[in-house]
Amino acid sequence: MKQMTLFDEPTTVLPLTYYPDFLNKEEADNLYQHCQELQWQQNQIRMVGKTMPVPRLECIYGDEGCDYLYSKSVLLKPLPWTDALAKLRDSITATTGYSFRIVIGNQYRSGQDSIGWHADNEASMGIAPAIASISLGSVRKFQLKAIGGKPTDFWLEHGSLLAMHPGCQSTHVHQVPKTNKVVSTRINLTFRPHVGGRR
Ligand SMILES: O=C(O)CCC(=O)C(=O)O
Ligand SMILES: [Fe+2]
């Protein structure tokens, strides 16, 4: 007997959820303004024996003592939550059901700022972390692929929320590639859990 199929092509279920209109235009514009006043830093990363500037600006806010070390070389020490970031954290928790202890900001100043293929699997976030990210400003391409698989492209819009579910960081990697298109600033806020520190 011929097997019935519902789809012409095999479909893949991706371990993320995209909410394009998580914030309305006014909320997103106000948050973008607030983010411009955050304490952005130009950090240095050590890779293959060389020290180089991280290709974006970064900032971190969160619970006391929730330090975050990535790529074994960049140590981020959280500043206390601002009211606006704490409010945003709570509304993301209300939508997704996930809890967060820190938020890391990325500021992509131009198309030459980027983040390469990686998974956010630092031990400080615990096992199978859920990560939620808010995008503001210019739209940039975000790619997600299963390890050894082909990328799926997402265009992360102003005011959108992307939730990467538990397990995503073990099975998939993601990036925001450089682009030669003329793009202005994009700000991304990634809310993350943390196993240490004080509440
Ligand atoms: O800018 C983005 O959308 C992704 C940022 C990211 O992957 C990270 O901070 O780990
Ligand atoms: Fe990431």
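I started with helix α2, residues 83-96. At 1.5 Å a residue, its 14 residues should span 20 Å, and its end C-alpha atoms are 20 Å apart, so the two agree. The expected span is 1.5 Å times one less than the number of residues. Helices are DSSP runs of H or I with at least four residues, strands runs of E with at least two, numbered from the N terminus.

This is a predicted model: local features need pLDDT of at least 70, side-chain atom pairs count only at pLDDT 80 or more, and totals for chains, interfaces and linings use all residues. Residues are numbered from 1 along each chain as its sequence is written, and chains are lettered from A and ligands numbered from 1 in the order in which they are written.

I checked confidence next. Mean pLDDT (the predictor's confidence in each residue, from 0 to 100) is 93 for the chain. I noted ipTM 0.99 and pTM 0.93.

Back to α2. I found Leu85, Leu88, Arg89 and Ile92 buried (20 or more other C-beta atoms within 10 Å of the residue's own; exposed means 12 or fewer; C-beta atoms are placed from the backbone). They lie on the same side of α2, because they cover an arc of only 105 degrees around the axis. The arc is taken over directions from the helix axis to the C-beta atoms. On the other side, Asp83, Lys87, Asp90 and Ala94 are exposed. Gly97 follows α2, with a positive phi near 85 degrees.

Last, I looked at ligand 1. Residues around it (C-beta atom, placed from the backbone, within 6 Å) include Asn106, Asp120, His174 and Asn188. Strands β7, β13 and β14 each give two or more residues to this shell.
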